Structures are given as structure tokens and as C-alpha cells.
Amino acid sequence: MKRAFLKKYRVPKKICPVCERPFSWRKKWEANWGEIIYCSERCRRSKKSSTQKL
């Protein structure tokens with residue numbers, strides 16, 4: 001069975017809504033990449049405080 005490896009320049013990228021920095025696909029997110037919104041646990045935890053500031 002062949003595995004398709006992604007080249008670093010071809011990996012999908014998203015923008016974190018909290019810190020507004022780009023983050024790219026990781027192997028551990030392979031199964032649920034569509035559900036990933038935040039770049040880190042820290043941004044995920046601070047999502048409530050960032051929306052209250054607006």
C-alpha cells in the first residue's frame with residue numbers, strides 16, 4: 001500500500017481566528033482537518049475572551 005506524502009509547500013493552510021497567524025496541516029490532524037479551527041490549545045482556550053473584546 002502506497003502512502004501519499006505531502007510536500008511541505010503543498011500542505012493545506014488555515015488562519016487562526018484568535019491570533020490571526022497561518023498554521024498548516026499536521027499528521028495528527030489528518031482524520032479531522034475539517035474540524036480544526038485553532039492553531040493551538042492556547043488559542044482554543046482563549047477563544048471566549050477574544051470574542052468578548054469585540
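This is a dialogue about how the labels on a predicted model are decided.

Reader: What kind of model is this, and how are residues numbered?
Author: The model is predicted, so local features need pLDDT of at least 70, side-chain atom pairs count only at pLDDT 80 or more, and totals for chains, interfaces and linings use all residues. Residues are numbered from 1 along each chain as its sequence is written, and side-chain values use heavy atoms, with hydrogens and water left out.

Reader: What makes up the secondary structure of the protein chain?
Author: The protein chain has two helices and two strands. From the N terminus on, the order is β-β-α-α. Helices (H or I, at least four residues) and strands (E, at least two) are DSSP runs, numbered from the N terminus. V11 is found in the segment before β1 (13-15).

Reader: Why is V11 called buried?
Author: Buried means under 20% relative accessible area, exposed over 50%, and partly exposed in between, with a 1.4 Å probe and protein chains only. V11 has 15% relative accessibility, so V11 counts as buried. In the protein chain, buried residues make up 17% of the 54 residues.

Reader: How far apart are V11 and R26, in sequence and in space?
Author: V11 and R26 are 15 residues apart in sequence, and their C-alpha atoms are 8.5 Å apart.

Reader: Is C19 buried or partly exposed, and what about C43?
Author: C19 is at 30% relative accessibility, so C19 counts as partly exposed. C43 is at 8%, so C43 counts as buried.

Reader: Which residues make the largest nonpolar core?
Author: The eight residues are C16, F23, W29, W33, I36, Y38, C39 and C43. A nonpolar core is a set of buried Ala, Val, Leu, Ile, Met, Phe, Trp, Tyr and Cys residues joined through side-chain atoms within 4.5 Å. In soluble globular proteins, nonpolar side chains tend to be buried together.

Reader: What is W29 in contact with, leaving aside neighbours within four places in sequence?
Author: W29 is in contact with F23, S24, I36 and C39, where contact means heavy atoms within 4.5 Å. Among contacts in the protein chain with a separation of 6 or more, 14% are between residues 24 or more positions apart.

Reader: How many aromatic pairs are there?
Author: The count comes to three aromatic pairs. Rings of Phe, Tyr and Trp (its six-membered ring) pair if their centres lie within 6.5 Å; planes under 30 degrees apart count as stacked, over 60 as edge-to-face and the rest as tilted.

Reader: Why is the pair of F23 and W29 called edge-to-face?
Author: The ring centres of F23 and W29 are 5.8 Å apart and the planes are at 85°, so the pair is edge-to-face. W29 and W33 form a stacked pair, with 5.9 Å centre to centre and 25° between the planes. F23, W29 and W33 form one aromatic cluster.

Reader: Why are W29 and W33 called buried?
Author: W29 is at 11% relative accessibility, so W29 counts as buried. W33 is at 13%, so W33 also counts as buried.

Reader: What makes K27 and E30 a salt bridge?
Author: A salt bridge is a side-chain nitrogen of Lys or Arg within 4 Å of a carboxyl oxygen of Asp or Glu. K27 and E30 meet at 2.8 Å, N to O, and form a salt bridge. K27 is partly exposed, with a relative accessible area of 46%, and E30 is also partly exposed, at 46% relative accessibility. By this rule the count comes to three salt bridges.

Reader: Which residues do salt bridges that share partners join into one network?
Author: The side chains of R45 and E41 meet in a salt bridge at 3.8 Å, N to O. Salt bridges that share partners join E41, R44 and R45 into one network. The bridge between E41 and R44 is at 2.2 Å, N to O. E41 and R44 both lie in helix α1 (residues 41-45), three residues apart, about one turn of the helix.

Reader: Why is R45 called exposed?
Author: R45 is at 61% relative accessibility, so R45 counts as exposed. E41 is at 39%, so E41 counts as partly exposed.
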